[in-house]
Amino acid sequence: MILGIAVILLSSLGSYVYSERTMRVIEENDPLVYLFEIGQDVHANVTLDHSIGTFNVYFMTWQDANRTMFENMTATPITPISSFENISSLQENLYIPAPGIYAILVTTESTELQIIRVELSAIGIQTRVISGGVLVAGVGAAMLVLSVIWEHRTKSSLGEKAK
Amino acid sequence: MKHKLAKLMAQFQIEIRMSYRFPVIEGLTALIFLYPIWIAISTWQDVNIRPDTLEYFVYAEFGFSGKHLATLMTGMLQWLPIIVIVLVSFTAAKSFEDGYIQTLLTYPVERVTVLLVKIICVIVIPAGLMTFTSLFAILFVIPQSPLLGDVSIMLSGVWISILLFATLSMLVAVITKKVSATAIFGLAFGIVTPLLLSNTAFPNFVRVALDPFGAAYRYITNHSTYLMLGTEMTPLFDLQIGFGISLMISLALLAFTLWIFTRSEIGG
């Protein structure tokens, strides 16, 4: 039970908001793929440095990202989890279906060089780790209750025998 | 047969109650379970943004499997030899020193059974906890299911390493009958062997045989394109041969230890 509670506490400690940002130059034929591991939902903040032109952002699994790499980085062969097209900035929470490895693909139709800033921040809690902690804590609690019942029964049966 | 089994179970109960009292098991569990899980949680929650190249993607499946298992193994690597040596020193060598082994020998069980139960506990308890930690992490912590082959190599490395450490330090405990000698020899072996074996002049299978967990770690990290340790790859065939040799060395040591124990004089 204590172990389960410890795992829950560890996951809470591990869920502190962590963000990472990067800046890249993109143009029509040189899109960008970011790959990231995540166990909880993520907030994406994508902006253009000079706010000129538009871009597209596709949020996808890493297997889909793999496919886009082989198809010259276009979103044609894939089914993204979510897509945002012809936008000049993006501030969205991306809800992940399950903990895992995901990617975002940023493309633009602009022929000019664009400086793009990408910032990802983990939000919420790591549900899968917490469910593991709850399971271990539950098994521990059940064992504790069973041992108390067992002890009580043994004592009462010894008491009856003594009588 | 039933009677023998009951006696064996009774011997296990005595061993667990005497040598693994509170807080031994609890402390072990905290070290073996919580430390690697914490390493895994704190590593993979990071949002690692990487501008990836085609090369990374080609090896993605192997890379992710290796990366995640290696993270978990990093948490185990430093504790594995120390835990086994401490257990052997305080459950076997100490019972020679304080004379408790004499009490055990007065029970109606064979001499071999007394030592065998101690060895089994020293192997099964830490290896079982490490297996539980690995399975828990695979189910609940690491984001991508690792490859089955990698998991089996990691677990084989854990069990064979613990078997080798336990039998070797148990032999020292039986010969010297001293806690200090067992601990010093065990720690020296645990620290010096990997350092010596980092020399590539030794054939691969020898390096695997004497340090199975380290070899499994090297094999798995080399599966990951993200870790890029720059170490040479241990071929799978060498790993299997090395594991086999290590297993045979351990069994030979076990038989020799039991043989010595049955013939040694216990007490004054």
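Helices (H or I, at least four residues) and strands (E, at least two) are, in this talk, DSSP runs numbered from the N terminus. The structure before you is a predicted model, in which local features need pLDDT of at least 70 and side-chain atom pairs count only at pLDDT 80 or more, while totals for chains, interfaces and linings use all residues. Residues are numbered from 1 along each chain as its sequence is written, and chains are lettered from A and ligands numbered from 1 in the order in which they are written.

Let me begin with chain A. Three helices and eight strands are found in chain A, and along the sequence they follow the pattern α-β-β-β-β-α-β-β-β-β-α. A residue is called buried if 20 or more other C-beta atoms lie within 10 Å of its own, exposed if 12 or fewer, and partly exposed in between, with C-beta atoms placed from the backbone. Of the 163 residues in chain A, 29% are buried.

Chain B has 12 helices and one strand. From the N terminus on, its elements run α-α-β-α-α-α-α-α-α-α-α-α-α. Buried residues account for 43% of the 268 residues of chain B. Two residues are in contact if their C-beta atoms, placed from the backbone, lie within 7 Å. Among contacts in chain B between residues at least 6 apart in sequence, 86% join residues at least 24 apart.

I turn now to the cores. A nonpolar core is a set of buried Ala, Val, Leu, Ile, Met, Phe, Trp, Tyr and Cys residues joined through C-beta atoms within 7 Å. The largest such core has 73 residues, and the members touching the most others are B:Ile37, B:Val84, B:Val88, B:Ile162, B:Ala166 and B:Ile220. Helix α8 (residues 148-176) of chain B supplies the largest share of this core, 16 residues. A second, separate core of 25 residues includes A:Leu48, A:Val57, A:Ala65 and A:Tyr102.

Which residues does B:Val88 touch, not counting residues up to four places away in sequence? Among them are B:Ala93, B:Val122, B:Ala166, B:Met170 and B:Gly186.

Next, the helix packing. Two packed helices are described by the angle between their axes and the distance between the axes. Axes are lines fitted to C-alpha atoms, for helices over the stretch in contact, and angles run from 0 to 180 degrees between N-to-C directions. α8(B) and helix α9 (residues 179-197) of chain B pack at about 150 degrees, their axes 9 Å apart. α8(B) and α9(B) are therefore roughly antiparallel to each other; angles under 35 degrees count as roughly parallel, over 145 as roughly antiparallel, 65 to 115 as roughly perpendicular and the rest as oblique. In this contact, B:Leu168, B:Ser169, B:Val172, B:Ala173 and B:Thr176 of α8(B) meet B:Ala181, B:Thr182, B:Phe185, B:Gly186 and B:Phe189 of α9(B).

In a second pair, the axes of helix α7 (residues 111-141) and helix α12 (residues 236-263), both of chain B, come within 9 Å and cross at roughly 135 degrees. That makes α7(B) oblique to α12(B). Here B:Arg111, B:Val112, B:Leu115, B:Leu116 and B:Ile119 in α7(B) meet B:Leu254, B:Leu258, B:Phe261 and B:Thr262 in α12(B).

Finally, one single residue. Is B:Phe12 buried or partly exposed? B:Phe12 lies in helix α1 (residues 2-19) of chain B, and it counts as partly exposed because it has 15 C-beta neighbours inside 10 Å.
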